[in-house]
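Subject: Handing over a structure, with notes

Dear colleague,

I am passing on to you the structure shown just below, together with notes on what was found in it. Please keep it open beside this email as you read.

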Amino acid sequence: KKEESEKARKEKQRMANATKKMRKTKDDMNDITWYRDKSSPRFTNINGFFCYIGNKDKSNPWLRIRIQYVADDWLFIEKYIINVDGKKYTISEQKSGEIETDNGSGDIWEWLDRTVSNDEYEIIKAIAHGNKVKIRYVGRQYHKDKTISGRQKQALRNIIDAYEALGGTMK
């Protein structure tokens, strides 16, 4: 009994440590708690590559990926090519129209926001632990390259830790 109590206490502490780096919000209508790394953008009008976690009581958490592009010219993004230390990965739309667009105040926004697949989880882990990581936003006619920053990679590592601490696994 004492061992079980100590194990439960350590697991609770591990989860608290993993989630304390997160910004936590509660969706009371859908009974979902959302966890985002504190450094991840709050709004769509900032470039970003990040993941976040959804969790309902008594169910396994799920992981979402969000890739945001902000500029003053449209790319009409069709896919993302990510170069991690010389190895290339591709993230594409799974269904037409999945990469959304909007504009205002002279800026345009293009973004992808969806549940992470098993393959994407491996890509995210590679990015999180990569040294030199670049993303290419591939549009209909043009493309734009950006570097995934050390801060973004650390945020991905924080999210992976919190996801696993909350009981998340990829099958």
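Is Phe76 buried, partly exposed or exposed? With a relative accessible area of 34%, Phe76 counts as partly exposed, where buried means under 20% relative accessible area, exposed means over 50%, and partly exposed lies in between (1.4 Å probe, protein chains only). Before the rest, please note that this is a predicted model, in which local features need pLDDT of at least 70 and side-chain atom pairs count only at pLDDT 80 or more, while totals for chains, interfaces and linings use all residues. Residues are numbered from 1 along each chain as its sequence is written, and side-chain values use heavy atoms, with hydrogens and water left out.

The overall picture

The C-alpha trace spans about 65 × 40 × 25 Å along its principal axes, and of the 171 residues of the protein, 42% count as buried. If you consider the contacts (heavy atoms within 4.5 Å) with a separation of 6 or more, 57% of them are between residues 24 or more positions apart.

How the helices pack

Helix α2 (residues 118-129) packs with helix α3 (residues 150-165) at an angle of about 130°, and their axes are 8 Å apart. Axes here are lines fitted to C-alpha atoms, for helices over the stretch in contact, and angles run from 0 to 180 degrees between N-to-C directions. The angle makes α2 oblique to α3, because angles under 35 degrees count as roughly parallel, over 145 as roughly antiparallel, 65 to 115 as roughly perpendicular and the rest as oblique. The crossing of these two helices, α2 and α3, is left-handed, a term used if the near helix is turned anticlockwise from the far one by less than a right angle (clockwise would be right-handed). On the α2 side the contact is made by Tyr121, Ile124, Lys125, Ile127, Ala128 and His129, and on the α3 side by Lys153, Leu156, Arg157, Ile160, Tyr163 and Glu164. Sorted by class, the contact of α2 with α3 has seven nonpolar, one polar and four charged residues, where Ala, Val, Leu, Ile, Met, Phe, Trp, Tyr, Cys and Pro count as nonpolar, Asp, Glu, Lys and Arg as charged, and the others, Gly among them, as polar.

Helix α1 (residues 2-19) also packs with α3, at an angle of about 150° and with the axes 8 Å apart, which makes α1 roughly antiparallel to α3. The crossing of α1 and α3 is left-handed. In this contact Glu11, Arg14, Met15, Ala18 and Thr19 of α1 meet Asp161, Ala162, Glu164 and Ala165 of α3, giving four nonpolar, one polar and four charged residues.

Salt bridges

The structure holds seven salt bridges, each being a side-chain nitrogen of Lys or Arg within 4 Å of a carboxyl oxygen of Asp or Glu. In one of them the side chains of Asp113 and Arg64 meet, at 3.1 Å from N to O. Asp113 lies in strand β8 (residues 107-115) and Arg64 in strand β4 (residues 62-71), so the pair ties together parts that are 49 residues apart in sequence. Both Asp113 and Arg64 are buried. Asp113 also forms a salt bridge with Arg66, with the closest N and O atoms 2.7 Å apart, and since Arg66 lies in β4 as well, this pair ties together parts that are 47 residues apart in sequence. Arg66 counts as buried, at 8% relative accessibility.

Arg114 forms a salt bridge with Glu120, the closest N and O atoms being 2.2 Å apart; Arg114 is buried at 5%, and Glu120 is buried at 4%. Salt bridges that share partners join Arg64, Arg66 and Asp113 into one network.

Two loop residues

Phe76, which lies in the loop between β4 and β5 (77-84), has a positive phi of about 55° although it is not a glycine. Asp85, in the loop between β5 and β6 (87-92), has a phi near 50°, again a positive value in a residue other than glycine, and Asp85 is partly exposed at 42%.

Note on methods: Helix = DSSP H or I, 4+ residues; strand = E, 2+ residues; numbered from the N terminus.
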